[in-house]
Amino acid sequence: MKIKRLVFVVFSLCILFPLPANEPVGFDHFFENATLRVDLIHIGDKTSELYAVDRMYKTPVWAGSPAHVIDTFNNGRYFIRVFDSVSGKLIFSRGFNSIFGEYATTKPAANGIKRAFPETALIPFPRNPVRLTISARNRDNSLKEIFRQEIDPKSVDILQLKKNEDVEIIPIAGNTNPHHSMDLAIVADGYTGAERNKAVSDAKYFAAKLLNMAPYNRYRNHINIALAFRPSPDSGCTEPTRGIYKRTAVNASFNSLGLPRYLLTEDNRDLRDIAGAVPYDIAVVMVNSPRYGGGGIYNFFCVFTADNPYRNYVFLHEFGHAFAGLADEYYSSAVTYDDFYPNGVEPLEPNITALIDSNHLKWKELASPGVSIPTSWGKAEYDSQNLDYQKKRRLLDGKIAKLTRDGASADQIRELKARAAKLSAQNGTWVNQFFANNPERDKVGAFEGAGYIPEGLYRPQLDCIMFSKGEKPFCKVCAAAIAARLRFYIE
Ligand SMILES: [Zn+2]
C-alpha cells in the first residue's frame, strides 16, 4: 500500500514539474545494452587528415557506465560525438588519443609523408539512427569536426560477430557488473600455446600490482580484470632495429614511430577482436619479452613487456597514459615528437601545465600551503647529471642494435646489455638520492620541466611515476585524476 502511494506521489510530481528539456535522458531510451564497434582508418600527415569507416560490428554488452555517456574530461586530441539523428541531441561523447595523433607531430609527417593507422570507436549500441562525428584539436585545443557519418543501427553493414572460438577468456580479478566497474582486458601477445600458463601467471602478477597501487587499491572491488588469450605462432615480439621479426597475436613491435623503445601494435582489428571477447573499457597488451619498452595512448590501449626488471614501472606508467590520459612528466628522454605541446597553449592533460596564469594553478586545490609558484627544485644539478646519462645510454643502445644486426657473438651483446643495465641502475640511484635530499620533495607546486620540454611546462611534484623510472607512487595530482576516471566507470 505504502509503495503504491509513493509511486502515485512521484508520478504526480512529474506531471506538476516536468523534466526540463536539457535534462539527461536515460541510457535505455537511446541505447541497447550492447556495443557498436566502429573500425576506422585515419590517414594523413602534419597538415591534413581524414577518417573513413572500415567496418562496423555489434557485440554484446556495453561495458561503460550508463550514467556517464557524456565525457566531461576535455582531454585527448580527438573527440567522438554521437547525436540522435531525429532530435539532434548529443547522446554520447569520448575524448581519445591515437597513434596518428602522435605521428602527425613527427618529422616525416611534417615533410608531407602520409601514413594510415587503424582506430576503433566503441559506442553504446543506438536504438535509432545516429550521427557519428569525430573532431580534432586545433593548435589552440579548440575542436574542429573532421568526420561525420549517419549510422542506421538496422543496417546490414553492421556485422554481428560470432563468439571468438580461438580466444580463451580467463578471469583474473573481480566479478562485478560491467556497468559499474572498470573492466580491463589484458591481451597476451607473443605467448605460444605452450606458454599459456606463463601468460596466466604474468596477468595475475600485473593485476595484483595494479590492485595494490594507490589510488586503484581504493576501488579494487570495482575493477574487473580478464586475460584474453589467443596463442601466438611465435614467442616474443618484433624488434626491427635488431633484425628480429615474429608472428604474434597482435604483432606488437618495438621501434614504433622510429623510436627504439616505443612498443605499440598497429594490428588494431586483431586487438579489438581478441579484447572484445569480454566486455572491456580499456585494453592492454602484455608482451612476452624481457626488453625494456612500452607505450600508452589515452582511451586507446597500452603495451608493456612482461619480463623486464622495470616491468612494474612500465606497466603502471603506460596504463596511466591509457586509462587516465596522464601526460609524460619527464622532459629529458629522447622522444620522436616535434611541437607536441605548442608554445603558450595550456595542455589538455591534468598533470602538466604551461602556467599561463600563475595565480590560477591548474591543480590549485591540491597545492601545498605557501608553496612558491613556480617552485625551485635544483633543476640545473639534475639536468647536468641527466644529460650525461642520456648521452651514454644512447651510445650503448646504438652499439647493441648494430652488433645484434651484424650477428655479433651472444657474449659480446650480453656484456653490452649488462653495461646498459648498470648505467641505468646507477642513474636511478643518483636520481632517488637527489629526490630524497630535496627540501621540496613532498610539496605540490609547479616544478619546471615536463611534457618533453625543459622550460615552459610544469609538473605538480618533484617526482612521480609519470616523471622518473622506478617503483614509486603517483603524485597527488595524477592520483586524483586516476580516481576521477575510476569513478567515471564505476558510478
Ligand atoms: Zn604525476
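**A hairpin, then the rest**

A: Strands E13 and E14 form a hairpin with three residues between them, and asparagine 299 in that turn has a positive phi of about 55 degrees. Strands here are DSSP runs of E with at least two residues, helices are runs of H or I with at least four, and both are numbered from the N terminus. This is a predicted model: local features need pLDDT of at least 70, side-chain atom pairs count only at pLDDT 80 or more, and totals for chains, interfaces and linings use all residues. Residues are numbered from 1 along each chain as its sequence is written.

Q: How many bridges join E13 to E14, and do they run parallel or antiparallel?
A: Four bridges join E13 (residues 294–297) to E14, and the two run antiparallel. Two strands pair if DSSP finds at least two bridges between them. Within this pair, glycine 296 stands opposite cysteine 302.

Q: Which other strand is joined to E14 by four bridges?
A: That is E12 (residues 282–287), which runs parallel to E14. Methionine 286 has phenylalanine 304 of E14 as its bridge partner.

Q: Is E14 buried or exposed?
A: Five of the five residues of E14 (residues 301–305) are buried, so the strand is largely enclosed by the rest of the structure. A residue is buried if 20 or more other C-beta atoms lie within 10 Å of its own, exposed if 12 or fewer, and partly exposed in between, with C-beta atoms placed from the backbone.

Q: Which way do its residues point?
A: Phe301, Val303 and Thr305 point one way from E14, while Cys302 and Phe304 point the other way, and all are buried.

Q: Back to asparagine 299. Buried or exposed?
A: Asparagine 299 is buried, with 25 other C-beta atoms within 10 Å.

Q: And why mention the phi?
A: Most residues other than glycine have a negative phi, and most peptide bonds are trans. Leucine 257 is not a glycine either, and has a positive phi of about 50 degrees.

Q: Where is leucine 257?
A: Leucine 257 is in the loop between E11 and helix H6 (268–275). It counts as partly exposed, with 18 C-beta neighbours inside 10 Å.

Q: Which residues does a cis peptide bond join?
A: One joins alanine 214 and proline 215, with omega about 5 degrees. Proline 215 is in the loop between helix H5 (196–212) and strand E11 (223–229). The peptide bond from isoleucine 373 to proline 374 is also cis, with omega near -5 degrees. Proline 374 is in the loop between H7 and helix H8 (379–405).

Q: OK, zooming out. How many helices and strands does the chain have?
A: The protein chain has ten helices and 16 strands. Its radius of gyration is 24 Å, close to the 23 Å that the globule rule gives for 491 residues, so the chain is as compact as a globular protein of that length. The radius is taken over C-alpha atoms, and the rule is 2.2 Å times the number of residues to the power 0.38. Of the 491 residues, 40% count as buried.

Q: What domains is it divided into?
A: Domain 1 (27–160) and domain 2 (168–324), with bounds from an automatic or database domain assignment. Their C-alpha centres lie 23 Å apart. The contact takes 23 residues from domain 1 and 18 residues from domain 2, where contact means C-beta atoms, placed from the backbone, within 7 Å.

Q: Which residues of the largest nonpolar core touch the most other members?
A: Of its 114 residues, these are Ile186, Val187, Ala228, Val284 and Met286. Such a core is a set of buried Ala, Val, Leu, Ile, Met, Phe, Trp, Tyr and Cys residues joined through C-beta atoms within 7 Å. Helix H7 (residues 311–324) gives the most to this core, with eight residues. Both domain 1 and domain 2 give residues to this core, so it lies between them.

Q: What does valine 187 touch?
A: Not counting residues up to four places away in sequence, valine 187 touches residues including Ala228, Leu271, Val284 and Met286. Met286 is the residue paired with phenylalanine 304 in E14, which brings us back to the strand we began with.

Conventions:
Contact = placed C-beta atoms within 7 Å.
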